[in-house]
Amino acid sequence: MLKDDERYAQILHEKEIISSMDLSLFLESLDFVIDSWRQSVDAFHLDFADDFADEAMAAVMECKMVISLSEVAGYEGDGVAGYIEILKTLKNMRTPFKKMANAYAKTPMLCIWYESLPTKLTKGYSEVHREYIRVRAKRDMYAKPHNYYETDKELFR
């Protein structure tokens with residue numbers, strides 16, 4: 001379960017995803033998880049190992065792309081990815097990780113851990129998005145309109 005890795009152990013096992021930095025570190029750690037899984041399964045000479053790992057890596061890359069095009073990542077353009085679209089993309093990541101988890105079907109602890117990674121990502125993204133909405137609402141509540149003085153004049157006429 002990769003607990004001895006200094007860089008990713010905390011985000012993979014203990015720490016909750018509560019900021020965009022945590023989210024990007026977790027997505028980066030998934031690349032490490034997939035590479036480690038591929039290396040560990042290579043010892044068994046399974047034909048499907050590379051296919052499963054490639055499928056999982058493609059799903060992680062798709063998640064990275066969609067999240068990078070979101071408001072949470074600071075993207076402000078025409079192609080902003082919506083919250084529901086991102087959740088659908090994150091949900092699609094479950095299938096490749098379930099396939100990876102099934103390789104450890106006889107070791108329930110590992111199987112459950114691999115299956116839980118996409119859920120942790122979805123939950124973390126939802127928390128980061130909720131915090132983004134909270135901060136944006138607070139900022140907009142205290143912002144004055146550009147024509148603040150003109151509207152005051154019209155009110156008192």
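I call a crossing left-handed if the near helix is turned anticlockwise from the far one by less than a right angle, and right-handed if clockwise.

**Ground rules**

I am working on a predicted model, where local features need pLDDT of at least 70, side-chain atom pairs count only at pLDDT 80 or more, and totals for chains, interfaces and linings use all residues. I number residues from 1 along each chain as its sequence is written, and side-chain values use heavy atoms, with hydrogens and water left out.

**Entry 1: the chain overall**

I looked up the secondary structure. The chain has seven helices and zero strands. Helices (H or I, at least four residues) and strands (E, at least two) are DSSP runs, numbered from the N terminus. From the N terminus on, I read the order as α-α-α-α-α-α-α.

I then looked up burial. I use buried for under 20% relative accessible area, exposed for over 50%, and partly exposed for in between (1.4 Å probe, protein chains only). Of the 157 residues in the chain, 34% are buried.

Next came contacts, meaning heavy atoms within 4.5 Å. I took those between residues at least 6 apart in sequence, and 61% of them join residues at least 24 apart.

**Entry 2: α3 against α5**

I looked up helix α3 (residues 49-68) and helix α5 (residues 94-102). Their axes come within 8 Å and cross at roughly 150 degrees. Axes are lines fitted to C-alpha atoms, for helices over the stretch in contact, and angles run from 0 to 180 degrees between N-to-C directions. The angle makes α3 roughly antiparallel to α5. My cut-offs are under 35 degrees for roughly parallel, over 145 for roughly antiparallel, 65 to 115 for roughly perpendicular, and oblique for the rest. The α3 and α5 crossing is left-handed.

Which residues make the contact? From α3 I list F52, E55, A56, A59 and V60; from α5, T95, P96, F97, K99 and M100. By class, I find seven nonpolar, one polar and two charged residues in the contact of α3 with α5. Ala, Val, Leu, Ile, Met, Phe, Trp, Tyr, Cys and Pro count as nonpolar, Asp, Glu, Lys and Arg as charged, and the others, Gly among them, as polar.

**Entry 3: α5 against α6**

I moved on to helix α6 (residues 108-142). The axes of α5 and α6 lie 8 Å apart, and the packing angle is about 170 degrees. So α5 is roughly antiparallel to α6. On the α5 side I note R94, F97, K98, M100, A101 and N102. They meet C111, Y114, E115, L117, P118 and T119 in α6. This contact of α5 with α6 holds seven nonpolar, two polar and three charged residues.

**Entry 4: F97**

F97 turned up in the contact with α3 and again in the contact with α6, and I looked it up by itself. Is F97 buried or exposed? F97 counts as buried because its relative accessibility is 0%. Leaving aside neighbours within four places in sequence, F97 is in contact with L30, I34, A56, V60, Y114, L117 and P118. F97 and Y114 are 17 residues apart in sequence, yet 6.3 Å apart in space, C-alpha to C-alpha.

**Entry 5: α4 against α6**

Helix α4 (residues 83-92) packs with α6 at an angle of about 165 degrees, with axes 10 Å apart. The two are therefore roughly antiparallel to each other. I note a right-handed crossing for α4 and α6. Y83, I86, L87 and L90 in α4 meet L121, T122, Y125, S126 and H129 in α6. Here I count six nonpolar, three polar and no charged residues.

**Entry 6: H129 and I133**

Both belong to α6, H129 and I133. H129 is buried, at 15% relative accessible area. Not counting residues up to four places away in sequence, H129 touches V72 and Y83. I133 is partly exposed, at 32%. I133 and V72 lie 61 residues apart in sequence and 8.8 Å apart in space, C-alpha to C-alpha.

**Entry 7: H45**

I found H45 in the loop between α2 (20-42) and α3. Phi of H45 is near 55 degrees, a positive value in a residue other than glycine. H45 counts as exposed, at 67% relative accessibility.

**Entry 8: cysteines**

How many disulfides are there in the whole structure? My search finds zero. A disulfide is a pair of cysteine sulfur atoms within 2.5 Å. C63 is buried at 0% relative accessibility. C111 is buried too, at 13% relative accessible area.
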